[in-house]
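Here are a few friendly notes to read alongside the model. Take them one at a time, and find each residue in the viewer as you go.

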Amino acid sequence: MLQKLRGIVLHHINYGETSLILHLYTDQKGRISVIIPGARGKSKNKRISLFHNLSLLDIEVYFKQSRDLQQIKSSIW
């Protein structure tokens, strides 16, 4: 289910060559982990600053309760 969430970045981990895993604290779901594919690509260098620690984000996530790692909607960033 696609949900709009507001959260604070607690920590980020580089995953693979271009992806990031963010640990967020959200107002609705608590602490969640989100994968962002392609966030560290050559054309995305200026956007990486959006995901530093303690940044506020308004994101759309495909949220499934059974998953530990949620997927972000790619068209919002």
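1. Is E60 buried or exposed? E60 is buried, because its relative accessible area is 14%, and buried means under 20%. Please keep in mind that this is a predicted model.

2. Now look for the partners of E60. K4 forms a salt bridge with E60, and their closest N and O atoms are 3.8 Å apart. This pair links distant parts of the chain: K4 sits in strand β1 and E60 in strand β4, 56 residues apart.

3. K73 is partly exposed, with a relative accessible area of 25%. Shared partners join K4, E60 and K73 into one network of salt bridges.

4. How many salt bridges are there? The count comes to 3. One of them is between D58 and R6, at 2.9 Å from N to O. D58 lies in strand β4 and R6 in strand β1, so this bridge ties together parts that are 52 residues apart in sequence. Both of these residues are exposed.

5. Next, turn to the inside. The largest nonpolar core has 15 residues, and those with the most contacts inside it include L22, F51 and L57. The elements giving two or more residues to this core are β1, β2, β3 and β4. Beyond its neighbours within four places in sequence, L57 is in contact with several residues, among them L5, V9, L24 and L50.

6. A polar atom of the T26 side chain lies 3.0 Å from the backbone nitrogen of K29. Leaving aside neighbours within four places, T26 is in contact with L5, R6, G7 and I32.

7. Finally, visit the surface. I8, L10, Y25, L54 and L56 make a nonpolar surface patch of about 540 Å². Within this group, L54 lies in the loop between β3 and β4 and is exposed, with a relative accessible area of 69%. Its phi is near 65 degrees, a positive value in a residue other than glycine. That deserves a second look because most residues other than glycine have a negative phi.

Definitions and conventions
Residues are numbered from 1 along each chain as its sequence is written. This is a predicted model: local features need pLDDT of at least 70, side-chain atom pairs count only at pLDDT 80 or more; totals for chains, interfaces and linings use all residues. Side-chain values use heavy atoms; hydrogens and water are left out. Patches are made of residues with over 30% relative accessible area and no salt bridge: like charges are joined within 9 Å, nonpolar side chains (Val, Leu, Ile, Met, Phe, Trp, Tyr) within 5 Å. Accessible areas come from the Shrake-Rupley method with a 1.4 Å probe; for residues, only the protein chains shown count as cover. A salt bridge is a side-chain nitrogen of Lys or Arg within 4 Å of a carboxyl oxygen of Asp or Glu. A polar contact is a pair of N or O atoms within 3.5 Å; within protein, one must be able to donate a hydrogen and the other to accept it, and residues adjacent in sequence count only if both atoms are side-chain atoms. Contact means heavy atoms within 4.5 Å. A nonpolar core is a set of buried Ala, Val, Leu, Ile, Met, Phe, Trp, Tyr and Cys residues joined through side-chain atoms within 4.5 Å. Buried means under 20% relative accessible area, exposed over 50%, partly exposed in between (1.4 Å probe, protein chains only). Helices (H or I, at least four residues) and strands (E, at least two) are DSSP runs, numbered from the N terminus.
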